[in-house]
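Please keep the sequence and the structure in view while reading.

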Amino acid sequence: MHSEALWQGKRHKWIICGRDTGKPQKIIDTNQYMVRTDRRLLILEPGGIELFSAMLACALDWAPIHEITDLFASHQDPDIISSLGLWDQALPKARLHAPWLWEGFIRHFGMSHIEYVALPDEGGVLELDGVNLQLIPAHYMHSSGNFNVYDPELKILMSGDIGASLEPGQPPLFVENFKEHTRYMELFHKRWMPSNTAKNDWVSRVRRLDIKYMAPQHGRIFKGDDVGRFLDWLEQLEVGSALRTANR
C-alpha cells in the first residue's frame, strides 16, 4: 500500500494510504487518510476487513501502536469500517468517532474494547493533541447519517464518498483535467446520492468553508480551483437516478 505525507502544518500532517496493488481485484479501491500529531494518530475511514493488515502496516510506518489513538468512520459502509473487529483487537484503548445513528449497526463488525464516540447530527469538533478538526454534516449524501472532516488550518475537506470517482487502474492522486475527470464521477453521484435537496444543502454548507483540497474516499483529490468546479458540477447534477429508472 502506497503512503505519503500530503500536507504539513505546524503541529500536524495529513497522510494518505491507498493505491494498494495487493488488494483483491473485485474490491473497490479506497483512500485512507491519517492525521499525525506529535503524540497521536487518527485514521480516517480505516477501510474494509481485507485491507486491515496492509493498513495497520501503513499506520505503523508513521506511529508506534500506542500512539494510534483514534479512528473516524463517516458512515456505516463495509469499505469504510468493516475492519473494526480487527482494530478492536489491535487497539483496545482507541476511540471510534462515528455517527450516533449507526452505532447499533457498526457494532456488528465487532467491537468489544474500542470506545464508540457517537457524533450528534449537528456535528462538532474532533480534538487531536491540540488540533481541532471540524465534523461537517453530510447527511443523505450517500448515507442517512454521514460526516465530512474539515481542517481549518490546512484548509482540507475529507469528503468521504462525495467527490468519489471510479477509475480503472492506478490513477494519479490529484485531478489533472476536471472536465475529463467528470466521466468517472457521474454514475457514482447520480446513483449513490439519493436526494437533490440533500445535495444542494451540502453544497451550500461547504461553499462557506475555505477549502484548498477536497479529499474523497475513492479516486483523485481536488485542489485549488477544481474544488469550486466540483461544487458547480455537483450542484447542477440530478441525483437519485434509480428512482427515475424504477418508475418508467
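## R95 and D70

In this predicted model, R95 is partly exposed, its relative accessible area being 28%. The side chain of R95 meets that of D70 in a salt bridge, with 3.5 Å from N to O. Because D70 belongs to strand β5 and R95 to strand β6 (residues 95-99), the pair ties together parts of the chain that are 25 residues apart in sequence.

D70, for its part, has a relative accessible area of 1% and is therefore buried.

## E67 and R36

A salt bridge also joins E67 to R36, and the closest N and O atoms of this pair are 2.7 Å apart. The two residues come from distant parts of the chain, 31 residues apart: E67 is in the loop between α1 (52-60) and β5 (68-72), whereas R36 is in strand β3 (residues 32-36). Both E67 and R36 are buried.

In helix α7 (residues 196-207), D201 and R205 lie four residues apart, which is about one turn of the helix, and their side chains meet in a salt bridge at 2.5 Å from N to O. D201 is partly exposed, with a relative accessible area of 42%, and R205, at 22% relative accessibility, also counts as partly exposed.

## The whole structure

The pairs described here are among the 15 salt bridges that a search of the whole structure finds.

Definitions and conventions
Residues numbered from 1 in each chain as written. Predicted model: local features only at pLDDT ≥ 70, side-chain atom pairs only at ≥ 80, totals over all residues. Heavy atoms only, no water. Salt bridge = Lys/Arg side-chain N within 4 Å of Asp/Glu carboxyl O. Buried < 20%, exposed > 50% of the residue type's maximum accessible area, 1.4 Å probe, protein only.
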